[in-house]
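This briefing goes through the sheet, the helices packed on it, the nonpolar cores and a few single residues. Please keep the structure open while reading.

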Amino acid sequence: LGAELYAGLDIGRHHDLTSFTLIEKVGGMHLVRKRIDLKGLKFSEQEAILYPWFEICRRVCIDATGLGMQFAERSAERFGKYKCEGVTFTGPMKEELAYPVRSAFEDRMIRIPFNDDKLKADIRAIRKETTAAGNVRFAADRGMNGHADRFWGLALALHAAKQTTRNLEVILC
């Protein structure tokens, strides 16, 4: 089957970036192999750039919130819903995505390119906040470089690489 490649894609267009992160899973380690940031491109142009990367991945998790819903749907139609999974960013889902990123760094099970200062800045930009109702949320300030889009692309890639019961059922069928 070759390399274990997984990807995450946070969707944006004008105000936020579309941020693609490709990781390779090697002996439990997650190695960031490729990152692509796109801004202001039509979705057809984004698909032309990103779909060749989807083809080599075992699984891709795509932000299916707002603008991303159609992108995730079209990807699933083209590559299959088990290979391309849309993930809707709810409060609980963001929590499920954010904590494994932290754990991977704490456990030294992830490697990012040394010179990827934009990814490092996005990782540092994420804040855990508790609302007045006691709910946990993850937030980042919106700026010229997006809205921590690179962080969410990485989080989605790690989510794609996570083995789930559903993945095992598909493999066994």
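Two strands count as paired if DSSP finds at least two bridges between them. Strand β1 (residues 5-10) and strand β2 (residues 18-26) pair in the antiparallel sense, over six bridges. The model is a predicted one.

**Sheet**

- The sheet is open and has six strands in the order β5-β4-β1-β2-β3-β6, with mixed pairing.
- Its edge strands are β5 (84-87) and β6 (110-111), each of which pairs on one side only.

- Helix α1 (residues 43-55) lies across β1, β2, β3, β4 (59-63) and β5, and runs at about 165 degrees to β3.
- Helix α2 (residues 68-79) also packs on the sheet, where it touches β1, β4 and β5.
- The direction of α2 makes about 160 degrees with that of β4.

**Nonpolar cores**

- The largest nonpolar core has 25 residues, of which Ile23, Val87, Leu97, Phe151, Trp152 and Leu154 touch the most other members.
- Two or more residues of this core come from each of α3 (91-106) and α5 (149-161).
- Helix α5 gives the largest share, nine residues.
- A second, separate core of 20 residues includes Phe20, Leu38, Val60 and Ala72.
- Leaving aside neighbours within four places in sequence, Val87 is in contact with Cys61, Ile62, Asp63, Ala64, Thr65, Met93, Leu97, Leu156 and His159.

**His30**

- His30 is placed in strand β3 (residues 29-38).
- Is His30 buried or exposed? His30 counts as buried because its relative accessibility is 13%, and the cut-off for buried is under 20%.
- Not counting residues up to four places away in sequence, His30 touches Ile23, Glu24, Lys25, Met109, Ile110, Arg111, Leu158 and Ala161.
- Among these contacts, Ile23 is also one of the residues that touch the most other members of the largest nonpolar core.

**Arg108**

- Arg108 lies in the loop between α3 and β6.
- What is the phi of Arg108? Phi is near 55 degrees, a positive value in a residue other than glycine.
- Most residues other than glycine have a negative phi.
- Arg108 has a relative accessible area of 63%, so Arg108 is exposed, the cut-off for exposed being over 50%.

Note on methods
Residues numbered from 1 in each chain as written. Predicted model: local features only at pLDDT ≥ 70, side-chain atom pairs only at ≥ 80, totals over all residues. Heavy atoms only, no water. Helix = DSSP H or I, 4+ residues; strand = E, 2+ residues; numbered from the N terminus. Buried < 20%, exposed > 50% of the residue type's maximum accessible area, 1.4 Å probe, protein only. Contact = heavy atoms within 4.5 Å. Core = buried A, V, L, I, M, F, W, Y, C linked by side-chain atoms within 4.5 Å. Axes fitted to C-alpha atoms, helices over the stretch in contact; angles between N-to-C directions.
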